[in-house]
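Here's a quick briefing for anyone meeting this structure for the first time. Have a look at the model, then read on for the highlights.

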Amino acid sequence: SRFEEAIELSEEALEVLKSAVGFDHLLVGKVLKNTGDYYQDMEAYDDAMEAYSESLRVMTAWHGREHVFLSEVLNEIGVTRFKNGEYMIAKQSFTEALRLMRLTHNDANKSAVFPTLNHLGHALYKNNELKLAAETYLDSFNIQVSIVTGEVNDGMKEFSTKLNVIKNRIAIMEQNEKDVVDLSESLGGIASILRYLGLVIQEQGDFEAALSVNKLSLSVRLCQPFKEHSSMALMAETIAMFEYKRNNLASAMDYFNQALDAKKSYQGESTIDVARTVNNLANIHFSLGNLDDAMVLYQEALKIKRHCLGDDSDEVANTLNNIAHVMVNAGKEQEALGAYHNVLKIRQDRYGKSHFSVATTLASMGDVYIKLGKLEIAMTYFEQCIRIQKLHQDHCDERVLENLGSIYGKLGEWHKAESTFEEIIALKRAARGDECLEVAKTLDLLAVSYIEQNRHVESIEHLREALRIRKACLDDDDDEILASLNKLAFVYKSLGMTEQMMEMREEFEAHQERRRRGSC
């Protein structure tokens with residue numbers, strides 16, 4: 001890695017060569033290419049391009065425009081352009097290199113073609129040319145498989161049937177003490193290109209196909225005689241996340257365990273990456289209701305995170321937050337509050353008392369106080385949460401507002417409940433439109449807040465709107481419509497509005513009669 005010294009020697013060699021054989025000799029072109037490689041390794045991309053461009057000129061003058069040797073320089077030009085973020089120009093260089101390799105008179109070796117196909121696939125992927133990227137990766141995959149098997153390969157399905165044959169071949173080679181290093185590396189290349197193919201297919205939106213490709217990639221990794229544990233861990237965790245999102249929790253757990261074993265094999269027992277996978281396993285156990293197993297794993301993750309990151313890191317706070325969730329679900333509310341207080345302190349110290357993560361923690365603590373029946377305390381936590389949220393955004397968390405409105409009502413603070421329910425209705429209408437049952441439910445609550453303040457007349461408007469929404473969204477004989485009619489009848493009766501009350505009762509009875517006829 002002493003690149004500067006290498007470049008000095010290269011420049012000296014160039015001067016000697018140019019004096020001895022002239023500026024356009026083949027050897028000059030090769031040294032220029034090597035010089036470009038050194039600059040590329042140093043990330044001096046402009047200098048690298050200057051050397052490669054001159055090398056390409058010399059090589060073209062010596063061999064002509066259609067010689068396969070030019071493809072080596074074109075490939076490195078493409079790599080340099082790619083590293084510099086010039087993906088379109090990189091694609092053009094790789095495409096020209098492949099054209100030269102595939103000319104009949106050049107007959108380039110397959111092992112020289114597929115790396116350039118890989119590079120071209122990467123450039124197409126970066127250019128968002130996903131269909132072409134997938135086709136290019138698949139072309140590379142087929143070539144690599146044919147090198148390993150000695151047979152033409154046509155796609156992933158055909159290759160899947162050959163894996164057992166490859167496993168048997170490896171077993172025989174190892175039994176006969178033959179060198180399997182090259183075969184292991186070739187399988188690694190196949191697994192790697194499958195991973196990229198999976199990424200492209202995922203970007204195209206076909207998640208099932210992407211998952212299938214990822215699983216094949218991991219199967220190939222598991223075949224390698226010399227295990228690449230970091231790559232195995234990456235692939236297993238990718239599959240685990242896919243399965244978790246599909247709610248295939250048992251499968252996700254299996255793959256997370258594979259990822260964990262692989263990580264421990266090359267990282268050891270106590271790295272932050274290991275802790276994150278342990279945390280993911282705990283999440284699955286929590287989702288499955290295995291609270292004891294989840295707690296053990298969260299505690300393990302917490303211990304590692306504290307060791308690696310210190311007691312006040314954000315990741316420590318996140319795992320403490322998960323532990324608090326487990327405690328709440330296990331009915332250990334007081335212990336959960338202790339954990340949440342630790343989370344709150346870490347987040348306030350790191351980000352300040354008005355950070356959105358602080359608001360989230362305050363809301364969780366409010367939920368616990370509701371479970372404990374301590375409504376006044378819960379109210380103060382929810383109010384703090386809402387205050388912080390309003391500092392950062394135009395609207396607040398509906399769930400928190402609903403809890404707060406409910407508490408105001410139970411505590412008899414109906415004016416506060418009224419304004420809170422009005423805010424919730426505005427949020428729901430903005431998010432879901434007017435024809436939404438959730439809006440109707442909150443309109444009912446708003447009407448109750450008016451009734452409790454002896455403002456029955458004002459409640460009518462909201463009860464009628466709730467009824468209209470339910471009629472638009474539900475069948476005529478739905479219980480929610482009947483309940484709405486009853487509420488309106490009650491308010492009309494309270495106000496002495498007998499005619500309107502009778503109208504509601506008649507409509508109620510008509511709905512009941514239709515229901516009876518429908519059930520006969």
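A crossing of two helices is called left-handed if the near helix is turned anticlockwise from the far one by less than a right angle, and right-handed if clockwise. Keep in mind that this is a predicted model, where local features need pLDDT of at least 70 and side-chain atom pairs count only at pLDDT 80 or more, while totals for chains, interfaces and linings use all residues. Residues are numbered from 1 along each chain as its sequence is written, and side-chain values use heavy atoms, with hydrogens and water left out.

**Helix 1 and helix 2**

- Helix 1 passes helix 2 in a left-handed crossing; helices here are DSSP runs (H or I, at least four residues), numbered from the N terminus.
- Helix 1 covers residues 3-21 and helix 2 covers residues 26-41; they pack at an angle of about 165°, with axes 10 Å apart.
- That angle makes helix 1 roughly antiparallel to helix 2 (the label is for angles over 145 degrees, on a scale from 0 to 180 degrees between N-to-C directions, with axes fitted to C-alpha atoms over the stretch in contact).
- Among the residues that meet are Phe3, Ile7 and Leu14 from helix 1 and Val28, Leu32 and Tyr39 from helix 2; contact means heavy atoms within 4.5 Å.
- Sorted by class, this contact has 13 nonpolar, 2 polar and 3 charged residues (Ala, Val, Leu, Ile, Met, Phe, Trp, Tyr, Cys and Pro are nonpolar, Asp, Glu, Lys and Arg charged, the others, Gly among them, polar).

**The largest pocket**

- About 190 Å³ of space lies in the largest pocket.
- A pocket is an open set of points on a 1 Å grid over the protein atoms alone where a 1.4 Å probe fits, with protein on both sides within 12 Å along at least five of seven lines; lining residues have an atom within 4 Å of a point.
- Helix 10 (181-203) supplies at least two lining residues, as do helix 6 (110-126) and helix 7 (130-149), and helix 10 gives the most, with 5 residues.
- The lining splits into 4 nonpolar, 6 polar and 1 charged.

**The second largest pocket**

- This one has a volume of about 150 Å³, and its lining includes Glu11, Lys18, Tyr39 and Asp47.
- Helix 3 provides the largest share of that lining, 4 residues.
- By class, the lining has 4 nonpolar, 1 polar and 5 charged residues.

**Leucine 291**

- Leucine 291 sits in helix 15 (residues 291-309).
- Beyond its neighbours within four places in sequence, leucine 291 touches Phe286, Val326, Asn329 and Ala330.

Notes
Angles under 35 degrees count as roughly parallel, over 145 as roughly antiparallel, 65 to 115 as roughly perpendicular and the rest as oblique. Grid points are joined across faces, edges and corners, and a volume is the space filled by probe spheres set on the points.
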